[in-house]
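Please open the structure in your viewer and keep the sequence panel beside it. The tour below moves from one selection to the next and says what is found at each stop.

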Amino acid sequence: MNQQAFQLLISRLANEGHQLLVADENLRDISLSSIPTSTTLLTNRFDLYQQAQDAGLICHFNDFRFDLFQEHSFDRIYYRVSKEKPVVHHIINQAKKYLKHKGQLILIGAKNEGIKTYIKNAEQYFSCAAGIKKSGSFYCATLTMEKEDSVKPLDDKNYAELRMEISDGKLELYSKPGIFGWNKIDKGSQFLCEHLASFIGGFPEKPPTLLDLGCGYGYLSAYTHQITPDTRITATDNNAAAITACEKNFALLGISGNVVADDCAGGINETFTAVICNPPFHQGFATDGNLTDRFMNASFQRLTAEGKALFVVNEFVPLEKKATGVFRKTSVIAKENGFKLVLLEK
């Protein structure tokens, strides 16, 4: 499906003018070599940022902040819609602010991704009718910036703002839209935290270093810090919004360590005594069974010779079998409510 959307997008790209491609995980694993080098990319995914650099494209990695651009400076803004409504509404709102007079916003998405509703909302905000083309299950809508007006922006849940969103009676943490599960505590992560003290206690001494792989807003790191405050924690994520929130929570709690934007710890050379991970198995609108393998292999590479990793996954994910032959020892140490905890020992 990503290929179909990408080809539709490529067919609309122009070779002239000042144009911006807004890209998230739904354009991951797509060759960027066919994009004109005159196109600027704005992405919240570190892996896409790296791919764009390799393709010789001008690219900015941040949490979809447009303020580094001059207002009303783009002839065209292209956007394949995201999975989360606040993100989509934020991009549409920003597009109106950063398009030139007669500039165009090109929206692409499938019917089951809510594209028809997004087109309708964008038409109301832009005060114009969209030109719509259909290709298979995908729709491509072109909206033209005719004039400035006082139409109320779309509800993006104050996308840009961090807010104290997470509270479980022990911790209060900052989060924001754009992070998976941004306004709740993930049940898998909560399950892992219930066994975190036992995991830490399984080391001869409290681990001096720990890697939170795929940290999100930093829930696992925060609990680790409560149990072993002297452990230096490195938290990493591919998502710019997650990095922003996790950095805020590290500062709030005085956590010793750092927060690193990276693709599955691929650019981190340090090794760690312990790794904790609640790996994703969705990539945008699609599921990706290979993500668990990538996170498992990354944990092996980043562990010290006697290191241990603790993963929480859905019961249907055969992580312990996948890890056999990679790790010296694998074991399922607990199961509950469709989740299991898998201990991996190097």
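Are Glu 113 and Arg 80 buried or exposed? Select the two residues: Glu 113 is buried, and Arg 80 is buried as well, where buried means under 20% relative accessible area, exposed means over 50%, and partly exposed is in between, with a 1.4 Å probe and protein chains only.

Before going further, note that this is a predicted model, in which local features need pLDDT of at least 70 and side-chain atom pairs count only at pLDDT 80 or more, while totals for chains, interfaces and linings use all residues. Residues are numbered from 1 along each chain as its sequence is written, and side-chain values use heavy atoms, with hydrogens and water left out.

**Salt bridges**

Keep Glu 113 and Arg 80 selected, since they form a salt bridge whose closest N and O atoms are 2.6 Å apart; the term stands for a side-chain nitrogen of Lys or Arg within 4 Å of a carboxyl oxygen of Asp or Glu. Glu 113 lies in the loop between β5 (99-110) and α4 (115-126), and Arg 80 lies in strand β4 (residues 74-80), so the pair ties together parts that are 33 residues apart in sequence. The helices (H or I, at least four residues) and strands (E, at least two) named here are DSSP runs, numbered from the N terminus.

Next, select Lys 340 and Glu 320, which form a salt bridge with closest N and O atoms 3.0 Å apart. Lys 340 belongs to strand β18 (residues 339-345) and Glu 320 to helix α10 (residues 319-323), so this pair ties together parts that are 20 residues apart in sequence. Both Lys 340 and Glu 320 are buried. If you show the surroundings of Glu 320, leaving out residues up to four places away in sequence, you will find that Glu 320 touches Thr 330, Val 332, Lys 340 and Val 342, a contact being heavy atoms within 4.5 Å.

Now select Arg 65 and Asp 67, whose side chains meet in a salt bridge at 3.4 Å, N to O. Here Arg 65 is partly exposed, with a relative accessible area of 44%, and Asp 67 is exposed, at 54% relative accessibility. By the same rule, the count comes to 13 salt bridges.

Zoom in on β17 and β18, which run antiparallel and are joined by seven bridges. Lys 335 stands opposite Lys 340 in β18. Ser 331 is also placed in strand β17, and its C-alpha atom is separated by 5.7 Å from that of Val 342, eleven residues apart along the chain.

**The nonpolar cores**

For the next stop, select Phe 66, Ile 77, Ile 92, Leu 105, Phe 126 and Phe 199, which touch the most other members among the 71 residues of the largest nonpolar core. Such a core is a set of buried Ala, Val, Leu, Ile, Met, Phe, Trp, Tyr and Cys residues joined through side-chain atoms within 4.5 Å. Not counting residues up to four places away in sequence, the contacts of Phe 126 include Ile 92, Leu 99, Leu 105 and Leu 143. A second, separate core of 24 residues includes Leu 13, Leu 27, Leu 48 and Ala 52.

Select helix α2 (residues 46-54), in which Phe 46, Asp 47, Leu 48 and Ala 52 are buried. Among the elements that cover these buried residues are β1 (19-23), β2 (39-43), β3 (58-61) and β12. After α2 comes Gly 56, with a positive phi near 80 degrees.

Finish at strands β8 (residues 163-167) and β9 (residues 172-175), which run antiparallel and are joined by four bridges. Arg 163 stands opposite Ser 175 in β9, and in the hairpin, with four residues between the strands, Gly 169 takes a positive phi near 90 degrees.

Note on methods: Pairing = 2+ DSSP bridges.
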